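The sequence and model come first, followed by notes grouped by topic.

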Amino acid sequence: MSRDAASRYEIPGQLQQLLLDFTVSCLVERPADLVDFAADYFAQLRQRRQEQHNQQTGGLVAGSAAHGNGHGPESDDSMLTDESDEPSPESLANRFNRRKSVFAESYDPEGDDDEGEKVVHPKSDQQRHRLAEAVKNIFIFRSLDPDQVQDVLDAMFEKTVDSGDYVIRQGDDGDNFYVIDRGAFHIYVASDAEPTKRLVGQYEDSGSFGELALMYNMPRAATVQAMSHGSLWAMDRTTFRRIILKTACKKRKMYETLLETVPMLRALTSYERMNVADALNPRTFEDGECIIRQGDAADGMYFVETGTVRIAVAGENDVEVEVSRVTKGGYVGELALVTHRPRAASAYCVGPVRLAFLDVQAFERLMGPCMNIMKRNIDDYEDQLIRIFGSRFNMSDFR
């Protein structure tokens, strides 16, 4: 199949990320009028993008801080960018399938209080290692914490296929999400205008597919056929939706609650805090670990979920002096992002610490209303250093 023919099925980058974020917003907000909510949601998304563009082109803000290796058209993936993401076969063809699934049951992750019995499919150490390697770059799993990733590994079961076997068929109801361990697979799409199936992409020894039908109650929008003997890891529909959608909703509500305790963020509207919550990713550290190091380039900032963070500044002879401690609701690392200078303090864990990380791109996109507050804090931090060291240091990076 020619590249020109396949290109007709390419989808815009980040479509799955966009759809998942919007879906979670709908599930959490439960709007009475979905069309009005969608119009407002995407209008505000467009406005934030335009504001970011204006800041960058005006010099006000300086920039700083999955699918597998298939060979089909490339796009970004789901919460849900980047790396070696491959387009889902369903996303390649979803415009050709408008009917609803015959068992498109509704699922309310916010109202699902039943954790259910944990699904565990036994695996050898070798199998578990292979599966961990297969899922580590899949975008929809990147926002999961280590315990949730272990739940994913536990819940997946192995499925072997022979050449010619169909893994999923276009138009069928979604049953499983699949991660390729090994083997070659072709993606085919048929449409009303072109009933003969066409090859639109392929996977070889890596990749994943099947998530859109499970998340959005869509029928399969493409066919995936094995072209060799191979092996896949599968997760059933119910387990997948609970882990991905329920985790997304719980993550947003948890982070929204955390952000409400941060005085600086009172300058944000509830909608803006919601978007910050969606952009946060969990990070865990052990006692004594260095979170940020003085002199390093800034890649983002951290909000403290649990535990205590010790802030230290190296003075003369590189002797570090503790200047403050940060606990739940506090934050570290923001001033290096405001000043676009290297880290001017180090942060260490006092016992186990759980943090929420906001990368530099999201910081510049979402934290504009808080910028003046953070700039006003600069003089306070420098005065604190003068009291400790007796002289003015470079801009510190602690709170």
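The model is predicted, so local features need pLDDT of at least 70 and side-chain atom pairs pLDDT 80 or more, while totals for chains, interfaces and linings use all residues. Residues are numbered from 1 along each chain as its sequence is written, and side-chain values use heavy atoms, with hydrogens and water left out.

**Ser231 in its strand**

- Ser231 belongs to strand S8, residues 230-236; helices (H or I, at least four residues) and strands (E, at least two) are DSSP runs, numbered from the N terminus.
- Ser231 counts as buried because its relative accessibility is 0%; buried means under 20% relative accessible area, exposed over 50%, and partly exposed in between (1.4 Å probe, protein chains only).
- The side chains of Ser231 and Glu158 are joined by a polar contact of 2.8 Å. Such a contact is a pair of N or O atoms within 3.5 Å; within protein, one must be able to donate a hydrogen and the other to accept it, and residues adjacent in sequence count only if both atoms are side-chain atoms.

**Helices H5 and H6**

- Helix H5 (residues 125-135) packs on helix H6 (residues 146-155) at an angle of about 120°, and their axes are 10 Å apart. H5 is therefore oblique to H6.
- Axes are lines fitted to C-alpha atoms, for helices over the stretch in contact, and angles run from 0 to 180 degrees between N-to-C directions. Angles under 35 degrees count as roughly parallel, over 145 as roughly antiparallel, 65 to 115 as roughly perpendicular and the rest as oblique.
- The crossing of H5 past H6 is right-handed; a crossing is left-handed if the near helix is turned anticlockwise from the far one by less than a right angle, and right-handed if clockwise.
- From H5, Arg128, Leu131, Ala132 and Val135 meet Gln150, Leu153 and Asp154 of H6. The residues of this contact divide into four nonpolar, one polar and two charged, with Ala, Val, Leu, Ile, Met, Phe, Trp, Tyr, Cys and Pro counted as nonpolar, Asp, Glu, Lys and Arg as charged, and the others, Gly among them, as polar.
- Val152, Leu153, Asp154 and Ala155 of H6 are buried. The buried residues of H6 pack against H5, strand S1 (157-161), S8 and helix H8 (237-259).

**Helices H8 and H9**

- H8 and H9 cross at roughly 120°, their axes coming within 8 Å. H8 is therefore oblique to H9, and H8 passes H9 in a right-handed crossing.
- Lys251, Arg252, Tyr255, Glu256 and Leu259 of H8 make the contact with Arg273, Met274, Val276, Ala277 and Asp278 of H9. The residues of this contact divide into five nonpolar, no polar and five charged.
- Helix H9 (residues 270-279) is largely enclosed by the rest of the structure, because eight of its ten residues are buried. The buried residues of H9 are Tyr271, Arg273, Met274, Asn275, Val276, Ala277, Asp278 and Ala279.
- Met274 lies in H9 and is buried at 3% relative accessibility. The C-alpha atoms of Met274 and Glu256 are separated by 6.2 Å, with the two residues 18 apart along the chain.
- Ile244 lies in H8 and is buried, with a relative accessible area of 4%.
- Not counting residues up to four places away in sequence, Ile244 touches Ile140, Phe141 and Met215. The C-alpha atoms of Ile244 and Met215 are 8.5 Å apart, across 29 residues of chain.

**Loop residues**

- Most residues other than glycine have a negative phi.
- Asp205 has a positive phi, near 65°, and sits in the loop between strand S5 (198-204) and strand S6 (208-209). Asp205 is partly exposed, with a relative accessible area of 44%.
- His340 has a positive phi, near 60°, and lies in the loop between helix H10 (334-339) and strand S14 (346-359). The relative accessible area of His340 is 37%, which means that His340 is partly exposed.
- Arg343 is in the loop between H10 and S14. Arg343 counts as buried at 3% relative accessibility, and its side chain makes a polar contact of 3.4 Å with the side chain of Asp299.

Notes:
Contact = heavy atoms within 4.5 Å.
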